[in-house]
Amino acid sequence: MRTQVAIIGAGPAGMLLSHLLAADGVDSVIVEARTEQYVLSRIRAGILEHSSVELLRSAGLGDRLSHKGIEHRGIYLQTPGERHHLDFVDLVGRSVWVYGQTEVQKDLVAARRAADQQIIYQAADAAVHDITTDRPYVTFTVDGKAQRLDAEVIAGCDGSFGPSRAAVPQTVKQVWEKIYPYSWLGVLADVAPSTDELIYAWHPDGFAMHSMRSQTVSRLYLQVPNDTDVKSWSHERIWEALSTRLGASIDGWSLQAGPITESSVLPMRSYVQTPMRHGKLFLAGDAAHIVPPTGAKGLNLAIADVSVLAPALTALIKKNDPTLADDYSHTALQRVWRCTHFSWWMTSMLHISGDPFDAQLQQSQLRWVSSSRAAATGLAENYAGLPLHIG
Ligand code: RFL
Ligand code: PHB
């Protein structure tokens, strides 16, 4: 098989890249390890920032988003007894949208299917070859049969466990990593959200968050110790902890409980691998970087990466102009590091570390963000307002 861009991974990064390239007349083939159903059903991110929404709309992917998505003006930040609303629209003129990654993935699958995009699901043992030559290629097996896909360039959109990031030699790459001493227990529940906008709550028992997927489905998170076994949290215990951390001391507010349909424990880490390009291999999304979810940046960063990568590959392939491709890693990393810092900052401000000194600093910082327009604007700009290209 031969194509112009071989894309490894059919998550949001790989699918959106293929969509943007097709709009510019560049062909791609996507190689994915899992089934379509598996990729579609993974419950992950929930918030799209302003620039992601604009990009999806300009790429013709905004119809369902406009109908099913819920626009939020801001978020609530909370300490026991005090809930403060940050209005991003008022602060930076930008809103965010509740629209789950599963919905984004559905839109991408529908659009690529309508365009007859070739996506090879259940491809095992994908590997990249000759990435520093003009004839890079990908190998994989389908139903036990060896396959080879030749391309002009390879896009590694295969997340944190895929082969792409590992294909960059140790002598070339640099890795920055931070493992956090806590995890999130995340639940999805068939109950109307008890809040109009997301609540991020600092609490001595640990961080809690109230998010949502629709008017009838809530998404909630609790800070838990690393290596927590999800089975050690009964549904009753989960609701009790959520209720305590989210609202026991907020006058006149209570958390509505309901049937939990999914629960899992997510470890938290920050990871950046540079450069995001090696020869003819370009990394995008989680393949190059991971952020803890507190800043709601993972999916948005994947979208931002491919918005830079698609025009760069188009210019390289159609005009033989390497300028944007040569700048890709540097350009994308400006935003990656900004979001890496913001995600670390939100995480550090809101999670209990066990150190009483940290707890005092956190509460002071939360009071500052809740009372100073300058501080609130900084948070709002990072949460809702970063342009796709910064630097
Ligand atoms: P994805 O979505 O992981 O897609 C990568 C795709 O590559 C495939 N793949 C391979 N294909 C072929 N051969 C191989 N050897 C392969 N190895 C892997 C995978 O099957 C997959 O389909 O990365 P992408 O496209 O870069 O998108 C990034 C986002 O998915 C990610 O940043 C966010 O979902 C992160 N994230 C969250 N972000 C938030 O903002 N809020 C959240 O609540 C949130 N929850 C999460 C998350 C990430 C999680 N992961 C990665 C474990 C919850 C989880 C569990
Ligand atoms: C979610 O809805 O899953 C979500 C929202 C905001 C975050 C993290 C996760 O910061």
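Student: Where does Ala-296 lie in this predicted model?

Tutor: In this predicted model, Ala-296 is placed in the loop between strand S20 (289–290) and helix H9 (298–319).

Student: Why is Ala-296 counted as buried?

Tutor: The term buried requires under 20% relative accessible area. Ala-296 has 18% relative accessibility, and therefore counts as buried.

Student: What is the phi of Ala-296?

Tutor: Phi of Ala-296 is near 55°, a positive value in a residue other than glycine. Most residues other than glycine have a negative phi.

Student: Which loop holds Asp-143, and what is its phi?

Tutor: Asp-143 has a positive phi of about 50°, although it is not a glycine. Its loop runs between strand S10 (137–142) and strand S11 (145–150).

Student: Why does Asp-143 count as exposed?

Tutor: A residue is exposed when its relative accessible area is over 50%. The value for Asp-143 is 77%, so Asp-143 counts as exposed.

Student: How do you know that Leu-281 is buried or exposed?

Tutor: The cut-off for buried is under 20%. Leu-281 has a relative accessible area of 0%, and therefore it is buried. Leu-281 belongs to strand S19 (residues 281–283).

Student: Which residues is Leu-281 in contact with, leaving aside its neighbours within four places in sequence?

Tutor: Among them are Ile-131, Ile-154, Val-168 and Met-276. A contact here means heavy atoms within 4.5 Å.

Student: What makes the pair of Tyr-200 and Tyr-383 an aromatic pair, and what makes it edge-to-face?

Tutor: The structure holds ten aromatic pairs. In the pair of Tyr-200 and Tyr-383, the rings are 6.1 Å apart centre to centre, with 90° between the planes. Ring centres must lie within 6.5 Å to pair, and planes over 60 degrees apart count as edge-to-face.

Student: How do you know that the charged end of Lys-178 sits over the ring of Tyr-180?

Tutor: One condition is that NZ of Lys lies within 6 Å of the ring centre. The charged end of Lys-178 is 5.4 Å from the centre of the Tyr-180 ring. A further condition is a position within 35 degrees of the ring normal. Arg-165 likewise lies over the face of Tyr-271, at 3.9 Å from the ring centre.

Student: How much of ligand 1 does the protein bury?

Tutor: Ligand 1 taken alone exposes 1,000 Å², and the protein buries 83% of that.

Student: Which helix gives the most to the shell around ligand 1?

Tutor: Helix H9 gives the most, with three residues.

Key: Residues numbered from 1 in each chain as written. Chains lettered and ligands numbered in written order. Predicted model: local features only at pLDDT ≥ 70, side-chain atom pairs only at ≥ 80, totals over all residues. Heavy atoms only, no water. Phe/Tyr/Trp six-rings, centres within 6.5 Å; stacked < 30°, edge-to-face > 60°. Helix = DSSP H or I, 4+ residues; strand = E, 2+ residues; numbered from the N terminus. Buried < 20%, exposed > 50% of the residue type's maximum accessible area, 1.4 Å probe, protein only. Areas by Shrake-Rupley, 256 points an atom, 1.4 Å probe, with all protein chains shown as cover.
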